[in-house]
Amino acid sequence: MTIDIYEMKEGRPYKTDSIKEDVWINLVNPTVEEIDYVQTSLNLDREALTAALDDEEGSRAEVTPKYTLILVDAPTREWRNGREEFTTYPISITVTDTAIITVCLQELFALSNLITGKNKTMNIVNVANRPRFVLQILFRIAINYQADLKYIEVKRMAIEESIRKATRRDDLFELHELESNLVYFKTSLSVNTSIIDRISKQSRFISSTEDRDLMDDVIIETSQALEMTNTYSQIIKGTRQLVEADLNNSLANTMKFLTSITLIISIPTMIASFYGMNVDLPGMDFPYTYLILFGAMVVLSFVCIWHLRRSGLWR
């Protein structure tokens, strides 16, 4: 639960203690008191500051006389079932005449990179140019989607390599979780694409050639992230089907082997059962009958195994 206020100096954000002209206010899972403080200071509607606090909130763009609200989904990571998984959380970007306010339930890599300046493509940020600052946030969100998608593909390739050695049930569950993560990404990116397309048609966000170029970059990177999501979803689906087929094949081979063992064991069992009856049978008075029977059992068992091998029913 944090509230950080930044002012821009030489194209970099630096923390400040008060809300003033041209600042960026970043709220991460804010408390009621922090929301009240920002709301009172900027005279905003509470809805603009609490929209992103509902993780099921749908993406949208709203324009009012006091502010412009852009609500999109951004990628982040969390621990589930003892593994690092990927998901998305809504982030609201509220643009006013005084400041830009971002609100999210989780700390996002896109905003962290903006603060630390760890982005080689765009190192200069300026809240005074509000539209460009918003586009830079959207650009970083799209880049983070692509980075997470590439990491998902690396995990898939590691699972596929593991399958070549031995197939485990854990591989199937992990592939299912990766596929679920991509469903979140696909849904979020599809909506983000429509929101960005709507923003691109508003003249207030395209005030210069640089802004148009940046908007084009945002559209391209977001569309590319969506295309990557669709491609990786198909690949993971194929890999999961391969794992399922391999598990089913292993089960079938095991059942086939157990059936063969049962058939082999039934031969000596049947012979021993006959000579265990309380009736007269050939060779009962011969002292070495049991040796002959034992030899016959062994020979018949090996003959049966040989026949099963030739038929491909014995591994």
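**Close-up views of a predicted model**

**View 1. Residue N181 in helix α5.** N181 is found in helix α5. The model shown here and in the other views is predicted. N181 has a relative accessibility of 0% and therefore counts as buried, the cut-off for buried being under 20%. Apart from neighbours within four places in sequence, the residues in contact with N181 are R80, E85, F86 and I152.

**View 2. The open sheet of seven strands.** The seven strands are arranged in the order β2-β1-β3-β7-β6-β5-β4, and their pairing is mixed. The edges of the sheet are β2 (12–16) and β4 (60–63); each has a single partner strand, so one side of each has no neighbour in the sheet. On average, neighbouring strands of this sheet are turned by 25 degrees against each other, direction ignored.

View 3. Strand β1 covers residues 2–9 and pairs with β2 in the antiparallel sense, over five bridges. M8 stands opposite P13, a residue of β2.

**View 4. Helices α3 and α5 on the sheet.** Helix α3 lies across β1, β2, β3 (23–28), β5 (68–80), β6 (83–95) and β7 (99–104). The direction of α3 makes about 140 degrees with that of β3. Helix α5, residues 169–200, also packs on the sheet, where it touches β4, β5 and β6. Between the directions of α5 and β6 the angle is about 15 degrees.

**View 5. Buried residues of helix α3.** A110, L111, S112 and L114 of α3 are buried. The partners against which the buried residues of α3 pack are the strands β2, β3, β6 and β7 and the helix α4.

**View 6. The packing of helix α3 with helix α4.** Helix α3 spans residues 109–116 and helix α4 spans residues 130–165. Two packed helices are described by the angle between their axes and the distance between the axes. For α3 and α4 the angle is about 120 degrees, and the axes are 8 Å apart. The two helices are therefore oblique to each other. The crossing in which α3 passes α4 is right-handed.

**View 7. Residues at the contact of α3 with α4.** On the α3 side, the contact is made by F109, A110, L111, N113 and L114. These meet F133, I137, R140, I141 and N144 of α4. Sorted by class, the contact has seven nonpolar residues, two polar residues and one charged residue.

Definitions and conventions. Residues numbered from 1 in each chain as written. Predicted model: local features only at pLDDT ≥ 70, side-chain atom pairs only at ≥ 80, totals over all residues. Heavy atoms only, no water. Axes fitted to C-alpha atoms, helices over the stretch in contact; angles between N-to-C directions. Helix = DSSP H or I, 4+ residues; strand = E, 2+ residues; numbered from the N terminus. Parallel < 35°, antiparallel > 145°, perpendicular 65-115°, else oblique. Left-handed = near helix turned anticlockwise from the far one by under 90°. Contact = heavy atoms within 4.5 Å. Nonpolar A, V, L, I, M, F, W, Y, C, P; charged D, E, K, R; others polar. Pairing = 2+ DSSP bridges. Buried < 20%, exposed > 50% of the residue type's maximum accessible area, 1.4 Å probe, protein only.
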